[in-house]
Amino acid sequence: MNLHEYQGKELLARYGVPVQQGILAHTLEEAVAAYEKIKQDSGSPFAVVKAQIHAGGRGKGGGVKLAKNMDDLKTHAGNILGMMLKTPQTPGGMEGLGKLVRKIIITEDAYKPNFESCKEYYISVLTDRDSKRNVIVYSVKGGMDIEAVAEETPELVHKEFVDPQLGLQAFQARKIAFNFGLQGEAFKNMMKFVTKLYDAFVKSDATLIEINPCMHNGLDEMIAVDTKMSLDDNALFRHKDLIAWRDKDEEDPMEVEAGEHDLNYVKLDGNVGCMVNGAGLAMATMDVIKLSGGEPANFLDVGGTADAQRVEQAFRLILKDPNVEAILINIFGGIVRCDRVANGVVEAYKNMGDEINVPIIVRLQGTNADIAKQIIDESGLNVRSATLLQEAAEEVAKALQPDDLTKIEGIGPKIQEALNEAGIKSYRKLSVTSAEQLKEILKSFPMANPSTWSQQADMASKGKWEELREWQDKLIGGVEK
Amino acid sequence: MSVLVNKDSKIIVQGFTGKEGTFHAEQMIEYGTNVVGGVTPGKGGTMHLDRPVFDTVAQAVERAGANVSLIFVPPAFAADAIMEAADAGIEVIICITEGIPVQDMVKAKAYVNERNCRLIGPNCPGVITPGEAKVGIMPGFIHRKGTIGIVSRSGTLTYEAVDQVTKAGLGQSTCIGIGGDPIVGTSTKEAVELLMNDPETEGIIMIGEIGGGMEAEAARWIKAHGTKPVVGFIAGQTAPKGRKMGHAGAIVGGHDDTAEAKMEIMRECGIHVVSSPATIGATMAAALKK
């Protein structure tokens with residue numbers, strides 16, 4: 001579970017780690033009140049407005065601004081609240097849509113009292129997979145991307161591994177403070193800082209705490225100015241008070257919905273949906289899709305019980321994605337029997353009736369795979385079955401062959417070509433493309449009138465040819481009279 | 001031979017009387033596995049599935065001579081169960097439980113390291129030596145006794161590989177599911193090493209995933225010490241960076257732990273790398289003929 005900066009700081013403060021003071025605000029009014037309080041407490045009119053979203057690099061997209069007075073504060077808070085903030089880490093990066101900023105924090109200016117003598121350090125704590133130990137990573141080069149620092153000046157990035165049974169020892173904290181080149185009060189304060197930081201990491205079951213920058217101010221104090229923190233989902237049972245800190249607004253709504261149904265789902269950008277039991281096989285199935293000429297539209301692990309209800313939930317989830325042009329179901333039945341899964345697929349398909357408008361490939365292997373294949377083949381549904389993974393791969397490739405769009409009245413070979421070029425190759429894709437979007441694509445065909453195409457394509461995608469023909473008889477050039 | 005478990009292993013189940021423990025213990029017994037009892041604190045002295053229940057692992061070792069333990073204990077208590085088994089002198093501890101907190105495993109792993117035992121898992125399907133002992137949740141019937149050793153981080157993907165090996169007319173010596181968590185008891189390299197040193201194993205299939213450096217470590221070891229053909233596959237070629245793919249450990253962090261980077265290292269180390277998981281069995285069969 002990822003935390004916001006303000007949540008991370010609150011948690012660190014509970015363990016005695018000195019943090020930059022700040023107040024959360026959801027509205028301009030709250031921001032103004034927060035500023036008054038910060039100004040009073042810090043004795044300085046300078047304050048920083050920081051967007052609170054789950055992504056780093058906020059400064060690059062204009063999500064962090066210094067306010068020197070109330071007018072500044074109002075301008076910045078007004079601009080940042082409600083903005084679509086683009087950072088290198090938001091979906092699509094700086095070219096993407098960005099993330100909506102719903103809340104901000106107003107913080108004290110950590111660079112007072114003596115801006116000139118401030119130094120920025122980098123300190124993080126995480127679990128190292130190779131050594132199977134917790135490690136403190138630190139560098140005098142703070143305030144910038146640590147990966148870049150590690151690449152350019154690896155000698156400036158240090159690591160201190162901690163014995164799991166003994167915890168962080170005093171000599172290790174000393175070593176860290178010495179490596180920062182500190183002495184006197186600063187040395188003592190750094191020792192305290194890392195000791196408390198490590199304590200916070202272990203006691204809150206964090207998977208990552210990154211302090212960048214850790215400010216060494218003019219008074220030789222160490223202060224966490226920015227915090228990135230993630231907690232171990234599996235350990236939340238012993239941190240019940242922190243569960244409420246989960247911010248679903250920051251997550252993909254489809255993934256949230258999947259989680260409510262106990263489905264492990266990750267949304268991707270491709271055109272072939274998949275439904276698999278087991279995480280490793282799910283990733284392998286995505287790879288098969290890619291090798292068959294498609295791109296995976298999702299990762300979806302349905303887990304150990306692939307009954308009708310779960311299959312139906314999974315179908316509904318996958319079909320919400322308009323880019324999906326085929327679905328591959330890949331179940332290796334061990335404890336789960338394939339015939340049960342097959343019945344589940346058939347039942348879910350029937351329950352959903354008209355809603356399924358893409359080719360479905362079902363590959364069932366393992367316990368009772370033969371009976372399962374028979375169930376699928378005899379169901380009379382528009383489902384292709386396979387037993388070997390290789391066969392499934394071939395079926396996916398076949399399913400991705402472009403549909404004959406000229407069967408839609410109003411579309412000729414030239415228009416079909418233009419649509420294909422725009423990525424519309426299937427009836428389903430055409431059915432979810434609006435007439436306005438189509439007009440945009442077909443600018444060079446001023447005579448084309450796509451008003452009925454998506455509806456025609458919808459019938460075609462569901463195999464309702466009879467109905468389509470009857471309707472087409474009433475149309476003139478694909479346009480309603 | 002074979003490795004880790006065989007027909008003489010004396011196996012207990014921790015979390016024996018629970019739903020999962022009961023179901024899988026029954027399946028194991030049906031397979032012919034030598035299950036000598038189980039542990040459920042507070043139910044010591046009773047019988048379950050015609051076998052004795054003990055309060056502690058130490059009792060199971062003392063009274064039933066147990067040397068292998070399979071753990072089905074819920075996540076919050078699983079690390080404790082691992083340490084109890086290690087302390088009691090169990091030689092091979094296999095932990096199926098998924099969702100153990102990372103910090104618990106950091107401690108349990110350090111504890112196990114100081115004792116004379118091997119931990120497999122957690123978050124794994126277990127270990128099977130076909131025809132002798134099924135110690136885990138894998139479907140027994142897809143396996144066939146043979147000479148191919150399999151090491152994998154995943155469950156159903158392992159079954160897929162097993163099935164292909166069996167259909168290619170080969171069988172398995174021992175299949176080791178090492179688990180999909182960031183911290184596991186036995187690494188890919190350690191499992192490969194066991195199989196490389198097993199005289200009955202003639203070829204090895206190594207199935208990895210995105211995330212971590214275990215496959216690269218194993219590949220380098222194989223290049224230096226390998227004596228048998230190894231077929232390798234890495235799942236997650238299409239997984240985006242920074243997203244966790246189901247398994248807690250399956251996440252691309254940097255440039256070195258993408259599927260492509262791992263496969264490249266494996267190729268350089270002389271491993272027969274397949275890009276499609278559909279060709280694992282056929283590639284193994286072909287590699288053996290060379």
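**Close-up 1. A nonpolar patch on the surface of chain A.** Patches are made of residues with over 30% relative accessible area and no salt bridge, nonpolar side chains being joined within 5 Å. In this predicted model, A:Met84, A:Leu97 and A:Leu100 form such a nonpolar patch on the surface, and together they have about 310 Å² of accessible area. A:Met84 belongs to strand β5 of chain A, which covers residues 84-85. With a relative accessible area of 43%, A:Met84 is partly exposed.

**Close-up 2. A negative surface patch on chain A.** The residues that form this patch are A:Asp145, A:Glu147, A:Glu151 and A:Glu152. A:Glu147 is found in helix α4 of chain A, a helix that takes in residues 146-152. Because the relative accessibility of A:Glu147 is 48%, this residue counts as partly exposed.

Close-up 3. A:Lys9 and A:Glu5 form a salt bridge in which the closest N and O atoms are 2.8 Å apart. Both residues lie in helix α1 of chain A (residues 5-14), where they are four residues apart, about one turn of the helix. A:Lys9 and A:Glu5 are buried. The two residues also take part in a network of salt bridges that links A:Glu5, A:Lys9, A:Lys50, A:Arg58 and A:Asp226. Over all chains, a search of the whole structure finds 40 salt bridges.

**Close-up 4. A salt bridge between A:Glu255 and B:Arg243.** The side chains of these two residues meet at an N to O distance of 2.6 Å. The pair joins two chains, because A:Glu255 lies in helix α8 of chain A (residues 253-260), whereas B:Arg243 lies in the loop between β13 (230-235) and α8 (259-268) of chain B. A:Glu255 is buried, with a relative accessible area of 16%, while B:Arg243, at 30% relative accessibility, counts as partly exposed.

**Close-up 5. A salt bridge between B:Glu160 and A:Arg363.** In this pair the closest N and O atoms are 2.7 Å apart. B:Glu160 and A:Arg363 are both buried.

**Close-up 6. The fold of chain B.** Chain B has nine helices and 14 strands, and buried residues make up 63% of its 290 residues. Along its principal axes, the C-alpha trace of chain B spans about 55 × 40 × 30 Å. The radius of gyration of chain B is 18 Å, which agrees with the value near 19 Å that a compact globule of 290 residues would have.

How values were computed:
Residues are numbered from 1 along each chain as its sequence is written. Chains are lettered from A and ligands numbered from 1 in the order in which they are written. This is a predicted model: local features need pLDDT of at least 70, side-chain atom pairs count only at pLDDT 80 or more; totals for chains, interfaces and linings use all residues. Side-chain values use heavy atoms; hydrogens and water are left out. Patches are made of residues with over 30% relative accessible area and no salt bridge: like charges are joined within 9 Å, nonpolar side chains (Val, Leu, Ile, Met, Phe, Trp, Tyr) within 5 Å. Accessible areas come from the Shrake-Rupley method with a 1.4 Å probe; for residues, only the protein chains shown count as cover. A salt bridge is a side-chain nitrogen of Lys or Arg within 4 Å of a carboxyl oxygen of Asp or Glu. Lys and Arg count as positive and Asp and Glu as negative; His and the chain ends are not counted. The place of a charge is taken as NZ of Lys, CZ of Arg, CG of Asp or CD of Glu. Buried means under 20% relative accessible area, exposed over 50%, partly exposed in between (1.4 Å probe, protein chains only). The radius of gyration is taken over C-alpha atoms; the globule rule is 2.2 Å times the number of residues to the power 0.38.
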